[in-house]
Amino acid sequence: MTRTGIGYDVHQLVTGRKLILGGVEIPHDRGLDGHSDADALIHAIADALLGAAGLEDIGFYFPNTDPRWKDQPSRVFLEQIRGLLHRQRAQIVNVDATLICEAPKIKPHIPAMKAAIAAALAVTPAQIGIKATTNETLGFVGRQEGIAAMAVANLEMAGGNISP
Ligand code: MG
């Protein structure tokens, strides 16, 4: 049985932080604010994978009150989720994600993002889709106050069994 999950995340752009998206550091004058490295793309993908497996959301497994996750690279979340999926006998079919980001330009970094995410999930880069679009200067993304990401994931569940 194939199951689909959806994920969405947004983080605020602030000065004094590195910009990390899809596990890749991108040169920019500001970075995303958050407890971990605030990688909105990976967070959206994490929620899509967890949702497809019928599990709790990213905040349940990696709460921003837990000092273990403070300033951690978000690829660690994907590595942990890989283990959760394995226990559910779930195999990743594919992940597709869109970054909504006014600046900087994302496209040159997409191959590195795909490689980083694929490595964390132990799949091939061809199973990871990443696109980027601007918000046409509209709203908080358009004003460069934050960056948003959305993702879907498809899992093949052995036997269709979902255990809590
Ligand atoms: Mg987040």
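The dialogue below goes through the sheet, the metal site and a pair of helices.

Tutor: Happy to! Keep in mind that this is a predicted model.

Student: Let's begin with the sheet. What is the order of the strands in the open sheet?

Tutor: The general idea is that strands of a sheet pair through backbone hydrogen bonds, either parallel or antiparallel. Here five strands form an open sheet in the order β4-β1-β7-β5-β6, and the pairing is mixed. At the edges are β4 and β6 (128-133), each of which pairs on one side only.

Student: How many bridges are there between β1 and β7?

Tutor: Strand β1 (residues 2-14) and strand β7 (residues 146-157) are antiparallel and share eleven bridges. To see one of them, find G7, whose bridge partner in β7 is A151. On to the next neighbour: strand β5 (residues 90-100) runs antiparallel to β7, with ten bridges. There, D96 has V152 of β7 as its bridge partner.

Student: And how is β4 joined to β1?

Tutor: By two bridges, again antiparallel, with β4 covering residues 31-32. Look for V14, which is bridged to G31 in β4.

Student: Which strands does α1 touch?

Tutor: Helix α1 packs on the sheet and touches β1, β4, β5, β6 and β7. The direction of α1 makes about 155° with that of β1.

Student: Now the metal. Which residues are the protein donors of the magnesium ion?

Tutor: They are D9 through OD, H11 through NE2 and H43 through ND1, lying 2.2 Å from the ion. Along the sequence, the spacing of these donor residues reads D-x1-H-x31-H. D9 belongs to strand β1 and H43 to helix α1 (residues 40-52), so this pair ties together parts that are 34 residues apart in sequence.

Student: Are D9 and H43 buried or exposed?

Tutor: A residue counts as buried when its relative accessible area is under 20%. D9 has 17%, so D9 is buried. H43 is buried too, with a relative accessibility of 8%.

Student: Last topic: how do I describe two helices that pack together?

Tutor: Two packed helices are described by the angle between their axes and the distance between the axes. Take helix α3 (residues 75-87) and helix α4 (residues 110-121): the angle is about 35°, and the axes are 7 Å apart.

Student: Which residues of α3 and α4 meet?

Tutor: From α3 come R75, L78, E79 and R82, and from α4 come I117, A119, A120 and L121. Sorted by class, this contact has five nonpolar and three charged residues, with no polar ones.

Note on methods
Residues are numbered from 1 along each chain as its sequence is written. This is a predicted model: local features need pLDDT of at least 70, side-chain atom pairs count only at pLDDT 80 or more; totals for chains, interfaces and linings use all residues. Side-chain values use heavy atoms; hydrogens and water are left out. Two strands pair if DSSP finds at least two bridges between them. Helices (H or I, at least four residues) and strands (E, at least two) are DSSP runs, numbered from the N terminus. Donors are N, O and S atoms within 2.8 Å of the metal (3.2 Å for Na, K and Ca); water is not among the atoms, so sites may look incomplete. Buried means under 20% relative accessible area, exposed over 50%, partly exposed in between (1.4 Å probe, protein chains only). Contact means heavy atoms within 4.5 Å. Axes are lines fitted to C-alpha atoms, for helices over the stretch in contact, and angles run from 0 to 180 degrees between N-to-C directions. Ala, Val, Leu, Ile, Met, Phe, Trp, Tyr, Cys and Pro count as nonpolar, Asp, Glu, Lys and Arg as charged, and the others, Gly among them, as polar.
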